[in-house]
Amino acid sequence: MDCGSDKVIYMDNNATTRIAPEVVDAMMPFLTDCYGNPSSMHTFGGQIGRAVEEARKQIGDLIGADPAEIVFTSCGTESDSTAILSALQTFPEQRHVLTTRVEHPAVKSLCENLGQLTGHKHRVTRLMVEADGTLDMDRYREALSEDTAIVSVMWANNETGVIFPVEEMAAMARERGILFHTDAVQAVGKIPINLKENQIDFLSLSGHKLHAPKGVGVLYVRKGTPFVPFLNGGHQEGGRRGGTENVASIIALGRACELAGENLAEENSRVKALRDKLEKGLLTSIPKSILNGHPTDRLPNTTNVSFEYVEGEAILLHMNQYNICASSGSACTSGSLEPSHVLRAMGVPFTAAHGSIRFSLSVYNTEEEVDFVLEKMPAIIANLRAMSPFWKDDE
Ligand SMILES: *Cc1c(COP(=O)(O)O)cnc(C)c1O
């Protein structure tokens, strides 16, 4: 199939990323000749087990974890569910979960369905955010309670890129004997993470958000943290996650983490400069455009801009004619006409929330691409506004 990947300007890296060519090279032998089962006693399988252990070490090195603290899962969503449900089974009498209004559906939807999953009534506190998408730490402190089993707060938001002070929040939870989980799917590979220097108990990451394939993830479980498996089965992952390992994808994720470590500086210099150029260009050349999210406490690759009085879906269709890929709101919420729950929590007015576009870059983007997008966007927005009954030129 020719999907036209050589023609697109891909600025939707918070939805998924291209598999790095180096990562494809690393995983290929495990899709062909090296098909042994890592749990087998024979040399043919055993050597695969050693390759899996090498990947575990590469991942640990990126986030400051021991290999033994890395549990492979099928995706970020499974990692999130595993951490939260494990804590609720560890402390069955503690019926409170503390989270935020802006979590990814992987956490949001789980928290909405806890009763069905555990057979207990749970109290869930979902912290409000400020207009710039940040959290009020006083409110957080007040929400920590005697019966809190676990706190789950994302490290960085997928829609706005806003970064939360999860290390400080984890320390406050630890003081009260409360477990702390962070969905770091958007943070890993984009900002430095060192789990040796904080008190986070559980951390989720996902392969396809950092140039590895879809369908592989990791749950970091700090040494000594009580843990109850989500999938019971064989003795894989030290009994913490049953199921034969997705070997090729695990090898790929290991290599992708190694590359992410090497690219971290570029991500925070060249990619950030491209993002800044794009953002500044859009905000200055297009009237009634507004940045969503804190101007600096943000991932280096993400910008979320609202163009008032136009529909995000319509903007995307026009961008699509130039093969420019971006998102309006979260990919998971598009398809419904509701504006994103993240922008609603921030109090972004409807006229602006409906016209929000998220651009998320990667090391594969170039300055020429940013220039091309900046050249096309003003006319796209102006043409759509010319058709809008709500837009007045003199505004
Ligand atoms: C993509 C994403 C997930 C889900 O990861 P999958 O591997 O697709 O299940 C969870 N949280 C955040 C913040 C994400 O961006």
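Tutor: Begin with helix α8 (residues 247–285), which lies across β9, β10 and β12 and runs at about 10 degrees to β10. Lying across rests on contact, which means heavy atoms within 4.5 Å. Axes are lines fitted to C-alpha atoms, for helices over the stretch in contact, and angles run from 0 to 180 degrees between N-to-C directions. Helices (H or I, at least four residues) and strands (E, at least two) are DSSP runs, numbered from the N terminus.

Student: What kind of model is this, and how are residues numbered?

Tutor: This is a predicted model, in which local features need pLDDT of at least 70, side-chain atom pairs count only at pLDDT 80 or more, and totals for chains, interfaces and linings use all residues. Residues are numbered from 1 along each chain as its sequence is written, and side-chain values use heavy atoms, with hydrogens and water left out.

Student: What is the order of the strands in the sheet of 3 strands?

Tutor: The general idea is that strands of a sheet pair through backbone hydrogen bonds, either parallel or antiparallel. Here two strands pair if DSSP finds at least two bridges between them. The open sheet has the order β9-β10-β12, with antiparallel pairing. Its edge strands, each pairing on one side only, are β9 (289–291) and β12 (356–360). Neighbouring strands of this sheet are turned by 25 degrees against each other on average, direction ignored.

Student: How many bridges join β9 to β10?

Tutor: β9 and strand β10 (residues 302–307) run antiparallel and are joined by 3 bridges. Leucine 291 stands opposite valine 305 in β10.

Student: Which strands are at the edges of the sheet of 7 strands?

Tutor: The 7 strands form an open sheet in the order β2-β8-β7-β6-β5-β3-β4, with mixed pairing. At the edges are β2 (70–73) and β4 (123–127), each pairing on one side only. β2 pairs with strand β8 (residues 217–221) in the antiparallel sense over 4 bridges. In that pair, threonine 73 stands opposite glycine 217 in β8. Helix α2 (residues 43–63) packs on the sheet and touches β2, β7 (202–206) and β8, its direction making about 115 degrees with that of β2.

Student: How do α2 and α8 cross?

Tutor: In general, two packed helices are described by the angle between their axes and the distance between the axes. The axes of α2 and α8 come within 8 Å and cross at roughly 30 degrees. Their crossing is left-handed. A crossing is left-handed if the near helix is turned anticlockwise from the far one by less than a right angle, and right-handed if clockwise. Residues in this contact include Ile48, Ala51 and Val52 of α2 and Val247, Ile250 and Ile251 of α8. By class, the contact of α2 with α8 has 12 nonpolar, 3 polar and 2 charged residues. Ala, Val, Leu, Ile, Met, Phe, Trp, Tyr, Cys and Pro count as nonpolar, Asp, Glu, Lys and Arg as charged, and the others, Gly among them, as polar.

Student: At what angle do α3 and α4 pack?

Tutor: Helix α3 (residues 76–90) packs against helix α4 (residues 105–112) at about 40 degrees, with their axes 9 Å apart. That angle makes α3 oblique to α4. Angles under 35 degrees count as roughly parallel, over 145 as roughly antiparallel, 65 to 115 as roughly perpendicular and the rest as oblique. α3 passes α4 in a right-handed crossing. Thr77, Asp80, Ser81, Ile84 and Leu85 of α3 make the contact with Ala106, Val107 and Leu110 of α4.

Student: Which residues of α9 and α12 meet?

Tutor: Ala314, Ile315, His318 and Met319 in α9 meet Met377, Ile380, Ile381 and Leu384 in α12. This contact divides into 7 nonpolar, 1 polar and no charged residues. The crossing of α9 and α12 is right-handed.
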